[in-house]
Amino acid sequence: MSRTRDVPLLRIPNTMMPSRSVLLSSLLACLFVGACSKPAPPTSVNLRKTFRTQLKVEPTQRIPAPMPPKELFELVRYPSPLGSNAAYVTPVREGAKRPAVVWIHGGMDFGLDDFAWTPSPRSNDQSARAFREAGLVLMLPSLRGSDDNPGAREYFLGEVDDVVAAIDFVAQRPDVDPARIYVAGHSTGGTVALMAAVLSPRLKGAYVFGPVHDVSEYAAYVPLLGQARGSELWMRNPVSYVEHLRVPTQVIEGSDHGNMDAFEPLRVAAKGAPLSFLAVPGATHFSVLAPVTELLAKRLMEAKADAPAVVLTDAEARQAVAAEAE
């Protein structure tokens, strides 16, 4: 039986019937319009615009970030999707416009503290000091649910949008060259930075140290992530995003110990997107940071706005790590 309602057959006189050429033209027009009006296939990039997560952790307290040394950083507020977030950023300087790096540190609390200026051992320097010491503008944004920022912690979902907002904020600085803005991060911060690179086309490049391809690997530290299934997990995983990269992005990890197992899943998921990989012998997930961020900072400071994005080579990374051991 037909699923449509039965209707009486209407007979049309031959004089009212359109010609075959008219019918063919109409059919082709319908096919063309139908193809043009077909909605885009769902992707992580467009689905996240309306996705509302049910997995959140409200902070137990909201405490403002400590004041930094004024000669190194200013404590500012940047507009984010949920309101106003805190950030440390190097003071504005007169003179020529400079490149800028938005750095996302590791750990599960994306807040701010004295790690940004307290000397760290070179075996584990997550401060990103190399960028400011080389003369770049450095921004360290605090993300939702941390410090006194609004919102709850969503762990690798809304935090990505906050990083994109931080990138837009630093681009407005009078001393920043908007054609030389980069995002970078380490470990969990590298995972967030990798997805932010997909969502922020204004970037010149991205450099992510030791990210994972699947955030359920962090479940031992955040039990909430062990509960993520289906879309709740898919929308948080870098492998769901990297094929949409348009910004040259380099994944960097110490090959002696770290998240090297993420390389191949990310490579496969990228499907030809501008994602490259650098495994650094003689370094670990942590010891890779000091020598390679210093190398990267030097290269970024020297790079011209109209030159291709900097891609660190195996040879220069090996040299930087070897010099560290001398």
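Helix α9 (residues 289-302) packs against helix α10 (residues 314-325) at an angle of about 130°, with the two axes 9 Å apart; helices here are DSSP runs of H or I of at least four residues, and strands are runs of E of at least two, numbered from the N terminus. The axes are lines fitted to C-alpha atoms over the stretch in contact, and angles run from 0 to 180 degrees between N-to-C directions. That makes α9 oblique to α10, a term that covers angles not under 35 degrees (roughly parallel), over 145 (roughly antiparallel) or from 65 to 115 (roughly perpendicular). The contact, defined by heavy atoms within 4.5 Å, involves P291, V292, L295 and R299 of α9 together with E316, A317, A320, V321 and E324 of α10.

The model is predicted, with local features requiring pLDDT of at least 70 and side-chain atom pairs counting only at pLDDT 80 or more, while totals for chains, interfaces and linings use all residues. Residues are numbered from 1 along each chain as its sequence is written, and side-chain values use heavy atoms, with hydrogens and water left out.

Aromatic pairs, in which ring centres of Phe, Tyr or Trp (its six-membered ring) lie within 6.5 Å, are classed as stacked (planes under 30 degrees apart), edge-to-face (over 60) or tilted (the rest), and by this rule the count comes to nine. W103 and F131 form a tilted pair, 6.0 Å centre to centre with 45° between the planes. Because W103 lies in strand β3 (residues 98-104) and F131 in helix α3 (residues 129-133), this pair ties together parts 28 residues apart in sequence. Both W103 and F131 are buried (under 20% relative accessible area with a 1.4 Å probe, protein chains only; exposed is over 50%, partly exposed in between).
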